[in-house]
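Subject: Structure handover

Hello,

Here is the structure I said I would pass on.

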Amino acid sequence: MAKKTKDPGFGYKSAENVKGIINKDGTTNIVHVNRPLKIDDLYTFFIGLSWWKFFLFVVFGYTLLNILFGIVYVLIGIEQITPSRGNLLRDFLNGFFFSAQTLTTVGYGGIAPKGLTANIIAAFEALIGLMSFSFITGLLYGRFSKPKAAIRFSSNLILRDFNEHRALMFRLMNSRKTLMIEPEVSVTLSMNEEDETGQYKRSFYVLNLERKKITYLPTIWTIVHPIDDKSPLYNLSNEEIEKLNAGLYILVQYHEESFGQKVYQTSSYKFTQVVSNVKYTQSSSIDEEGYTVLDHDKLSEVEPM
């Protein structure tokens, strides 16, 4: 008999069209309102950005600072750093490029501050440049050194006959070449159900797995939930399972050689991703020299039973 488990942290309250708490890539669908902002949040904000967004912020911030200081040099008199060209745009460009040299402490020598006001502004700008690039360097180090799992999950769930019963399965693999040491997985089933009053609520079940922990993983691991009399899906047909308003929440943890410590990764599946009566294709083979060849493109590939 399947037993419900306590709320794992998602909350029991639900709705008919509720989105899953955790997305496929491990991000969440939580919308925060009235959250107080702190200066400490800047670090976590920039560390969590995707690489292209991070570099976009760097380029945008660098360009904006140079534009602001370029305008300042024009306002105090461009003659304090270089003779005026008699054209506002060209004077601004001179101020902009002088700002870039000052901000980066390059100092080519072609343009130099001559007046007291220009020297004060340039000194202040150089300080901002040193602090800014120190901050960016720290963020780059933090982004590269941040312990992070690199697990790929199959894009589908498969429902098939397995041993004397049926089973729900998905596959995972390490997208790096490093060895996953002592990987362990836990799977929680979340079912969205309507009660007698028309209100929706979540029910949670920790699914029994054929194996939830192995010693190490060099290739692909197929996670298997046997649908026996202890499974909450036992009395449901394949068609009923495919139509369930439910999802799986996955937590994987293992020791990552690259960082020398344990890392974690979350993911999720919706039951709309269930494919019945198929099996995963073989993803690895042995070449002529005896090496095991792992084809990453076959992670989600299936074939008829």
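Tyr254 has a relative accessible area of 0%, so Tyr254 is buried. Please keep in mind that this is a predicted model. Tyr254 is part of strand β8. Which residues does Tyr254 touch, leaving aside its neighbours within four places in sequence? The contacts are Ala149, Ala150, Ile151, Asn174, Arg176, Met180, Ile181, Glu182, Pro183, Gln261, Lys262 and Val263.

**Salt bridges**

Side chains of opposite charge can pair when their charged atoms come close. The count here comes to two salt bridges.

One of them joins Arg176 and Glu256, with 3.1 Å between the closest N and O atoms. Arg176 sits in the loop between β3 (165–174) and β4 (180–194), while Glu256 belongs to strand β8 (residues 246–256), so the pair ties together parts that are 80 residues apart in sequence. Are the two partners buried or exposed, or something in between? Arg176 has 26% relative accessibility and therefore counts as partly exposed. Glu256 counts as buried because its relative accessibility is 0%. Arg176 is also one of the residues in contact with Tyr254.

The other bridge is between the side chains of Glu303 and Lys279, at 3.9 Å from N to O. This pair links distant parts of the chain, with Glu303 in strand β14 (residues 302–304) and Lys279 in strand β11 (residues 278–280), 24 residues apart. Glu303 is partly exposed, at 32% relative accessibility. Lys279 is partly exposed too, with a relative accessible area of 31%.

**Two helices in contact**

Two packed helices are described by the angle between their axes and the distance between the axes. For helix α3 (residues 88–103) and helix α4 (residues 116–145), the axes come within 8 Å and cross at roughly 55 degrees. That angle makes α3 oblique to α4. Which residues make the contact? On α3 they are Phe98, Ser99, Thr102 and Leu103. On α4 they are Ala122, Glu125, Ala126, Ile128, Gly129 and Phe133.

**A nonpolar patch**

On the surface, Ile39, Leu42 and Phe135 form a nonpolar patch, and together they have about 300 Å² of accessible area. Ile39 is found in the segment before α1 (41–48). Why does Ile39 count as exposed? The reason is its relative accessibility of 66%, since exposed means over 50%.

Most residues other than glycine have a negative phi. Two entries go against that pattern.

- Glu182 has a phi near 50 degrees, a positive value in a residue other than glycine. Glu182 is in strand β4 and counts as partly exposed, at 47% relative accessibility. Glu182 is also among the residues in contact with Tyr254.
- Asn277 has a phi near 55 degrees, again positive in a residue other than glycine. Asn277 lies in the loop between β10 (274–276) and β11 and counts as partly exposed, at 44% relative accessibility.

Regards

Key:
Residues numbered from 1 in each chain as written. Predicted model: local features only at pLDDT ≥ 70, side-chain atom pairs only at ≥ 80, totals over all residues. Heavy atoms only, no water. Patch = residues over 30% accessible without salt bridge, like charges linked within 9 Å, V, L, I, M, F, W, Y side chains within 5 Å. Areas by Shrake-Rupley, 256 points an atom, 1.4 Å probe, with all protein chains shown as cover. Salt bridge = Lys/Arg side-chain N within 4 Å of Asp/Glu carboxyl O. Helix = DSSP H or I, 4+ residues; strand = E, 2+ residues; numbered from the N terminus. Buried < 20%, exposed > 50% of the residue type's maximum accessible area, 1.4 Å probe, protein only. Axes fitted to C-alpha atoms, helices over the stretch in contact; angles between N-to-C directions. Parallel < 35°, antiparallel > 145°, perpendicular 65-115°, else oblique. Contact = heavy atoms within 4.5 Å.
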